[in-house]
Amino acid sequence: MKGLAERKAKAGFLFCLPFIVGILLFFLKPALVSIRYAFSVLTFNPGGLEMTFVGLKNFREALFVDPQYVRTITESVYQMLFRVPVLLALSLFVAVVLNTKFRGRLFFRGVFFLPVIIVNGIIMDILSSDYLSQSILSGEAGGSLFGGMDSSSILLAFGFSQDVIDVLIPFAYSIFTLVWSSGVPILMFLASLQTVPGALYEVAEIEGASGWEAFWKITFPSISPMLLMNTVYIIADYFTTSSNPVIRMINEQTANMRFEYASGLSWMYFIVVGAIIAVVLALIDRYVVYTVE
């Protein structure tokens with residue numbers, strides 16, 4: 001058993017090795033340079049780039065002078081609180097459906113994973129350059145998709161209250177984005193579901209357990225480690241996507257050649273995101289069931 005565990009640990013390290021090497025070669029030096037930028041003011045002159053140490057000036061400007069930064073981070077965190085549970089539930093539901101046996105299962109698995117392939121290719125560049133597609137991906141379009149109809153008025157006519165409509169409309173407009181972002185979580189949930197021993201379900205069926213009971217007593221505890229991993233992945237993916245308002249703000253400062261201010265914004269944002277992930281890990285990890293093989 002110890003030898004098997006050691007071989008698994010070595011295999012895991014080998015799989016992570018390209019990522020580790022990439023971090024050391026391509027990420028570590030720029031990260032250290034950006035830290036220096038965050039505590040400096042950069043001046044461009046004919047002799048080159050001049051860096052003057054100014055301490056916490058860039059951080060104070062972001063927190064106490066810039067009226068947008070704190071508000072943008074707050075709005076981003078607020079949206080994340082709604083986005084993560086919805087995306088987790090959607091991904092788990094689709095993964096459970098795709099794990100059942102039905103005709104065309106492989107085709108539909110490919111369909112749900114297709115956005116992961118497209119997002120890194122030339123097709124994504126075309127989508128990003130198109131106004132309507134870019135609006136859909138960012139969740140800002142909506143009325144245009146319904147031919148100019150007022151969705152709020154329609155829901156009001158059906159008897160929904162305005163408070164309920166205010167919650168439903170943003171999700172309705174971001175359905176495309178949610179499905180687009182669910183490829184990797186679905187794949188990880190699906191892989192986790194396939195590791196659950198079938199004998200457990202056979203025993204539960206013999207004991208008279210319903211499918212609902214089997215899901216909550218067998219399936220859900222068995223995939224709880226993957227639930228934690230997907231939660232962290234979805235949070236990190238949302239906070240680093242190009243459509244995130246804080247990322248757009250940082251990119252705007254970079255485009256304006258304010259590299260030192262953009263670096264300060266980035267490192268404060270990194271600390272906030274890291275703190276959120278640490279809190280999520282602490283809260284969810286206590287409920288995760290780790291099985292010993």
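User: How do α3 and α15 cross, left-handed or right-handed?
Analyst: In this predicted model, α3 passes α15 in a right-handed crossing.

User: And what's the angle there?
Analyst: Roughly 30°, with the axes of α3 (residues 69-99) and α15 coming within 12 Å. That makes α3 roughly parallel to α15, because angles under 35 degrees count as roughly parallel.

User: OK, what about α2 against α15, what angle do they pack at?
Analyst: About 70° for helix α2 (residues 57-65) on helix α15 (residues 259-285), and their axes are 9 Å apart. So α2 and α15 are roughly perpendicular to each other.

User: Which hand is that one, left or right?
Analyst: The crossing of α2 and α15 is right-handed.

User: Switching topic: how many residues of α10 are buried?
Analyst: Eight of the eleven, so helix α10 (residues 183-193) is mostly covered.

User: Which ones are they?
Analyst: Gly-183, Pro-185, Ile-186, Met-188, Phe-189, Leu-190, Ser-192 and Leu-193 are the buried residues of α10.

User: Now the surface. Which residues make the nonpolar patch?
Analyst: It covers about 1200 Å², and among its residues are Phe-13, Leu-14, Phe-19, Val-21, Phe-26, Leu-28 and Ile-35.

User: Where does Leu-28 sit?
Analyst: Leu-28 is in helix α1, which runs over residues 2-38.

User: Why does Leu-28 count as partly exposed?
Analyst: Because its relative accessibility is 40%, and partly exposed lies between the buried cut-off of under 20% and the exposed one of over 50%.

Technical notes:
Residues numbered from 1 in each chain as written. Predicted model: local features only at pLDDT ≥ 70, side-chain atom pairs only at ≥ 80, totals over all residues. Heavy atoms only, no water. Patch = residues over 30% accessible without salt bridge, like charges linked within 9 Å, V, L, I, M, F, W, Y side chains within 5 Å. Areas by Shrake-Rupley, 256 points an atom, 1.4 Å probe, with all protein chains shown as cover. Salt bridge = Lys/Arg side-chain N within 4 Å of Asp/Glu carboxyl O. Helix = DSSP H or I, 4+ residues; strand = E, 2+ residues; numbered from the N terminus. Buried < 20%, exposed > 50% of the residue type's maximum accessible area, 1.4 Å probe, protein only. Axes fitted to C-alpha atoms, helices over the stretch in contact; angles between N-to-C directions. Parallel < 35°, antiparallel > 145°, perpendicular 65-115°, else oblique. Left-handed = near helix turned anticlockwise from the far one by under 90°.
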